Amino acid sequence: MIENISSNKVCSGWHKQYNHQSSVLNCSMRFAIYLPPQASESHKVPVLYWLSGLTCSDENFMQKAGAFKAAAELGIAIVAPDTSPRGEEVANDDAYDLGQGAGFYVNATQEPWQQNYQMYDYITAELPALIEANFPVTTEKSIAGHSMGGHGALVIGLRNPEQYKSISAFSPICNPTNCPWGVKAFTAYLGDDKSLWQQYDATQLIAEHTLQLPLMIEQGLADQFLAEQLNIEQFAEAAKKANYPIALNKQEGYDHSYFFIASFIEKHILFHSNALLSNLSSG
């Protein structure tokens with residue numbers, strides 16, 4: 001069902017990559033998992049799902065973020081899926097912000113994307129079921145991400161609060177219905193029905209929340225995409241109006257890169273561990 005393609009010991013745990021055939025995406029998919037040293041058949045651990053941004057794969061976060069030490073100390077597994085379906089038969093585009101590497105974590109309704117680009121269902125249903133069936137993990141999970149993946153984490157967490165314990169994001173695309181990246185992707189994947197777009201817009205969704213999860217955002221103030229693409233302030237204002245408490249940390253001098261993520265990832269893993277481990281009495 002799953003094929004192990006790499007294994008590396010790190011911080012006394014294991015980073016492993018796997019291939020599997022996705023019935024949701026109709027293609028072969030790769031994901032990476034970090035299993036901390038505490039993980040065993042007799043002691044299952046909770047999971048933090050990390051969603052990466054445009055042009056990324058499962059490797060960017062795992063190789064650049066420096067997350068393993070904190071995850072090992074706290075006993076949390078990390079799962080990093082790819083950012084889109086892949087393969088010669090999968091629809092693509094020459095631009096970096098559409099097609100392969102740019103799935104935007106939506107369920108596409110338009111051709112030629114509909115057959116493969118069902119990333120929302122993959123992240124919320126197929127992948128967690130696969131992880132829980134094959135690794136020593138509990139059903140307790142949280143979700144985080146960066147940029148396009150930050151958008152995915154916010155949307156998925158807000159739409160499925162019963163499934164997750166906490167949400168965090170670095171430099172997220174908070175209001176994609178009102179930024180160039182989002183308008184381009186949503187037009188292609190979802191068509192012209194703006195009501196469907198709103199189902200994948202965190203600024204719209206936070207006003208409709210039914211259950212409040214701990215939510216933290218890290219934003220660099222030297223981020224080159226802050227003004228045009230991210231719409232952090234719109235999200236913060238919508239959260240305030242909805243009486244949804246969020247921790248918005250603005251960091252002077254930091255940009256959109258993994259240097260920024262590596263600087264604050266330990267804080268985010270601790271944030272998630274407080275939610276994931278708070279009511280975990282046994283493996």
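Biologist: Where is the place of cysteine 174?
Modeller: Cysteine 174 sits in the loop between β7 (167-170) and α5, where helices (H or I, at least four residues) and strands (E, at least two) are DSSP runs, numbered from the N terminus. This is a predicted model, in which local features need pLDDT of at least 70, side-chain atom pairs count only at pLDDT 80 or more, and totals for chains, interfaces and linings use all residues. Residues are numbered from 1 along each chain as its sequence is written, and side-chain values use heavy atoms, with hydrogens and water left out.

Biologist: Is cysteine 174 buried or exposed?
Modeller: Cysteine 174 is buried, with a relative accessible area of 0%; buried means under 20%, exposed over 50% and partly exposed in between, using a 1.4 Å probe and protein chains only.

Biologist: And what does cysteine 174 touch?
Modeller: Leaving out residues up to four places away in sequence, cysteine 174 touches Leu154, Asp201, Ala202, Thr203, Ile217, Leu230, Asn231, Ile232 and Phe235, where contact means heavy atoms within 4.5 Å. The C-alpha atoms of cysteine 174 and glutamine 229 are separated by 8.4 Å, although these residues are 55 apart along the chain.

Biologist: OK, on to α5: which of its residues are buried?
Modeller: Helix α5 (residues 180-190) has Trp181, Gly182, Ala185, Phe186, Ala188, Tyr189 and Leu190 buried. Seen down the helix axis, these buried residues fall within an arc of 165 degrees (the arc of the directions from the axis to the C-beta atoms), so they line one face of α5.

Biologist: What covers the buried residues of α5?
Modeller: The covering elements include α4 (148-159), α6 (194-198) and α8 (226-230). Just after α5 comes glycine 191, with a positive phi of about 80 degrees.

Biologist: Which residues touch the most other members of the largest nonpolar core?
Modeller: Those are Phe104 and Tyr189, in a core of 68 residues; a nonpolar core is a set of buried Ala, Val, Leu, Ile, Met, Phe, Trp, Tyr and Cys residues joined through side-chain atoms within 4.5 Å. Helix α3 (residues 119-134) gives the most to this core, with seven residues. Apart from it lies another core, of 24 residues, including Met62 and Ile265.

Biologist: What about the backbone of phenylalanine 104?
Modeller: Phenylalanine 104 has a positive phi, near 60 degrees, although it is a residue other than glycine. Phenylalanine 104 is in the loop between β5 and α3 and counts as buried, at 0% relative accessibility. Proline 112 is also found in the loop between β5 (77-81) and α3, and the peptide bond that joins glutamate 111 to proline 112 is cis, with omega near 5 degrees. Most residues other than glycine have a negative phi, and most peptide bonds are trans.

Biologist: Which lining residues are closest to its centre?
Modeller: Of the 13 residues that line the largest pocket, Leu54, Thr55, Cys56, His146 and His256 are the closest to its centre.

Definitions and conventions:
On a 1 Å grid over the protein atoms alone, a cavity is a set of points where a 1.4 Å probe fits but cannot get out, and a pocket is an open set with protein on both sides within 12 Å along at least five of seven lines; lining residues have an atom within 4 Å of a point.
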